[in-house]
Amino acid sequence: MSASKKICAGIVLYNPEIELLKKNISILEKQVEKIYLFDNGSSNNNEIKNLFNNKNEISYFFNKQNKGIGYGLNWLINRADENGYTWCLTMDQDSICSDNLIYEYKKHLKDKRVALISPFVLNNDKVTLNEYNNMKLPEVTEITDPMDCITSACLTNIPIVKKLGMFNEKLFIDFVDSDINCKVLNNGYRIIQINDAYMIQQMGKGHKVKTFEWLFNRTHKNIFRRLKVATVYTNQRLYYSSRNSRYIRNTYKDHGKRTGFGFMFAYYCYFTLFYPKERSRIKMWKAIVKGFRDYQNIK
């Protein structure tokens with residue numbers, strides 16, 4: 001591979017499920033020559049280190065303090081850049097990509113305006129692998145909404161991302177990908193989705209909503225597909241979601257419809273209705289309101 005198209009992979013870790021991480025890496029190491037692991041203070045770090053310490057193609061770094069996903073992503077990008085890579089595949093610890101991912105991505109590296117390349121995403125069983133295999137999709141989908149590309153299984157053009165200021169470390173978690181996507185799109189670069197490759201992702205713990213599952217099975221409407229599984233986040237995650245989404249819509253003119261105030265309010269109302277019964281709605285909304293107020297602390 002030419003120097004201008006060297007590809008590595010990187011994963012930000014935080015208390016990963018070991019067996020799932022092993023599966024993730026076993027697929028990646030067949031597709032890239034180097035994998036960087038940045039550990040954000042995992043309690044099971046010794047187990048992780050022992051698993052991969054003797055593999056030359058895997059570089060493991062342990063950070064004692066959890067500094068958030070943005071910090072970890074920037075560490076990966078800088079380390080990849082220092083070692084001569086021009087593209088870095090960023091992965092979540094709980095995501096599994098298809099074995100043809102990099103093969104398909106390589107077909108689209110010639111366009112110098114392409115900053116990010118993502119796969120078709122299957123998350124929380126909203127789209128099953130069987131359904132995906134039966135879909136008639138175009139080879140490439142142009143991404144124009146910043147919410148339609150996530151960092152997991154995203155091939156990142158290192159020179160472009162560094163030029164645009166890298167990932168925002170102050171966001172800590174949630175909307176870190178939306179922030180970099182806004183920078184990319186607002187500066188005239190491209191984000192493309194390659195539909196011949198996929199990634200399976202677990203976003204929090206999926207809680208099935210039987211009403212919407214029933215409606216989807218009978219209508220096959222995409223809106224019911226999205227609603228049939230409610231992601232169960234912690235109150236802390238909802239705090240960052242509320243805070244960071246407000247930051248995004250107050251920072252970027254073209255931030256996408258799904259970061260608007262109306263959408264986010266409806267989103268949290270949906271959570272209120274379909275969260276597990278044991279969850280405290282009062283604590284949930286206190287976290288959301290606090291996040292909404294704290295967005296100005298991000299500077």
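Q: Which residues line the largest cavity?

A: Happy to start there! A cavity is a set of points on a 1 Å grid over the protein atoms alone where a 1.4 Å probe fits but cannot get out, and lining residues have an atom within 4 Å of a point. Here, the largest cavity is lined by Thr90, Leu116, Cys149, Ile150, Thr151, Cys154, Thr156, Phe167, Asp177, Ile180 and Asn181. This is a predicted model, where local features need pLDDT of at least 70, side-chain atom pairs pLDDT 80 or more, and totals for chains, interfaces and linings use all residues. Residues are numbered from 1 along each chain as its sequence is written, and side-chain values use heavy atoms, leaving out hydrogens and water.

Q: How much space lies in the largest cavity?

A: About 40 Å³, and the count is one cavity of 30 Å³ or more. Of the lining, α7 (176-186) and β8 (154-157) each supply at least two residues, with the largest share, three residues, coming from α7. The lining divides into six nonpolar, four polar and one charged residue.

Q: At what angle do helix α10 and helix α11 pack?

A: Helices are DSSP runs (H or I, at least four residues) and strands likewise (E, at least two). Helix α10 (residues 235-251) packs at about 170° to helix α11 (residues 261-274), their axes 11 Å apart. That makes α10 roughly antiparallel (over 145 degrees) to α11. In this contact (heavy atoms within 4.5 Å), α10 uses Leu238, Ser241, Ser242, Ser245 and Arg249, while α11 uses Phe261, Met264, Tyr268 and Phe271.

How values were computed. Axes are lines fitted to C-alpha atoms, for helices over the stretch in contact, and angles run from 0 to 180 degrees between N-to-C directions. Angles under 35 degrees count as roughly parallel, over 145 as roughly antiparallel, 65 to 115 as roughly perpendicular and the rest as oblique. On a 1 Å grid over the protein atoms alone, a cavity is a set of points where a 1.4 Å probe fits but cannot get out, and a pocket is an open set with protein on both sides within 12 Å along at least five of seven lines; lining residues have an atom within 4 Å of a point. Grid points are joined across faces, edges and corners, and a volume is the space filled by probe spheres set on the points. Ala, Val, Leu, Ile, Met, Phe, Trp, Tyr, Cys and Pro count as nonpolar, Asp, Glu, Lys and Arg as charged, and the others, Gly among them, as polar.
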